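The following note sets out comments on the model shown below. The points move from the overall fold to individual residues.

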Amino acid sequence: GFPADKKTGSLRRLRATPLRASQLIVATLINYALVGMLSLVLMIVVGLTVFDFNMRGDYFNLALISLAGIIVMFGFGLAIGGWAKNENQSAPLSNLVAFPLMFLSGIFFPRFLMPEWLQGITRYLPLTPIVDGMRLIMTEGKTVLDLGPELLILGGWAIVIYLVAFKVFRWE
């Protein structure tokens, strides 16, 4: 990531080129989105062959919501990695962001077990619409067209986090 590239001086050398920070961020996003989608395909293949995975929705819609999730969540990594001077700053900050999101977004236990006031807040966290959208597609056969509120929340987070990532990016 960016902190390792800063440490080796790679980003400093890239700064001498006509490449803009936004272009580097978008190119890095595309690279990791492709890797993320390849990972999704491998997980589905393993699920089908080893665990007899049975999904009610279709794989195309699952891929679309997964891609939207990858784009949004990777934005957090880009913002943290672009701002941090080194791995010693980025790793703890990434954990400080990731772990509360995982615990509050319904990954480890259902959100309906939380107090109602907390459910209302957690609905707007960036990971919640990803988890909810994937569950709705896989278990209820929904399509991305049925996921309007989830996509709206993801879109809002994507705009905010990439504006932050472009703003806080440091070449060194």
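1. Helices are DSSP runs of H or I with at least four residues, strands are runs of E with at least two, and both are numbered from the N terminus. Helix 5 is followed by Gly106, whose phi is positive, near 90°. The 18 residues of helix 5 should span 26 Å at 1.5 Å a residue, and the end C-alpha atoms are 26 Å apart, which agrees; the expected span is 1.5 Å times one less than the number of residues.

2. On the basis of the note: this is a predicted model, in which local features need pLDDT of at least 70 and side-chain atom pairs count only at pLDDT 80 or more, while totals for chains, interfaces and linings use all residues. Residues are numbered from 1 along each chain as its sequence is written, and side-chain values use heavy atoms, with hydrogens and water left out.

3. Overall architecture. The chain has eight helices and zero strands. Its C-alpha trace spans about 50 × 40 × 30 Å along the principal axes. Of the contacts with a separation of 6 or more, 72% join residues 24 or more positions apart; contact means heavy atoms within 4.5 Å.

4. Surface and burial. The accessible surface of the chain comes to about 10200 Å², and 69% of this belongs to carbon and sulfur atoms; areas come from the Shrake-Rupley method with a 1.4 Å probe, and for residues only the protein chains shown count as cover. Buried residues make up 36% of the 172 residues, where buried means under 20% relative accessible area, exposed over 50% and partly exposed in between (1.4 Å probe, protein chains only).

5. The core. The largest nonpolar core has 34 residues, and those with the most contacts inside it are Phe2, Leu78, Tyr162 and Phe169. Helix 3 (21-50), helix 4 (59-83), helix 7 (127-140) and helix 8 (148-168) each give two or more residues to this core. Such a core is a set of buried Ala, Val, Leu, Ile, Met, Phe, Trp, Tyr and Cys residues joined through side-chain atoms within 4.5 Å.

6. Tyr162 lies in helix 8 and counts as buried at 10% relative accessibility. Leaving aside neighbours within four places in sequence, Tyr162 is in contact with Ile25, Leu29, Ile71, Phe74, Gly75 and Leu78. Phe169, not counting residues up to four places away, touches Phe2, Leu11, Ala21, Leu24, Ile25 and Gly82.

7. The salt bridge. The structure holds one salt bridge, a term for a side-chain nitrogen of Lys or Arg within 4 Å of a carboxyl oxygen of Asp or Glu. It joins the side chains of Asp132 and Arg111 (3.2 Å, N to O). Asp132 lies in helix 7 and Arg111 in the loop between helix 5 and helix 6, so the pair ties together parts that are 21 residues apart in sequence. Arg111 is buried, with a relative accessible area of 15%.

8. Thr122. This residue is found in helix 6 and is buried at 1% relative accessibility. Beyond its neighbours within four places in sequence, Thr122 is in contact with Leu104, Arg111, Met114 and Thr128.

9. A surface patch. Phe99, Phe103, Ile107, Phe108, Phe109, Phe112 and Leu113 form a nonpolar patch on the surface, with about 740 Å² of accessible area together. Patches are made of residues with over 30% relative accessible area and no salt bridge, with like charges joined within 9 Å and nonpolar side chains (Val, Leu, Ile, Met, Phe, Trp, Tyr) within 5 Å. Phe108 lies in the loop between helix 5 (87-104) and helix 6 (116-122) and counts as partly exposed at 48% relative accessibility.
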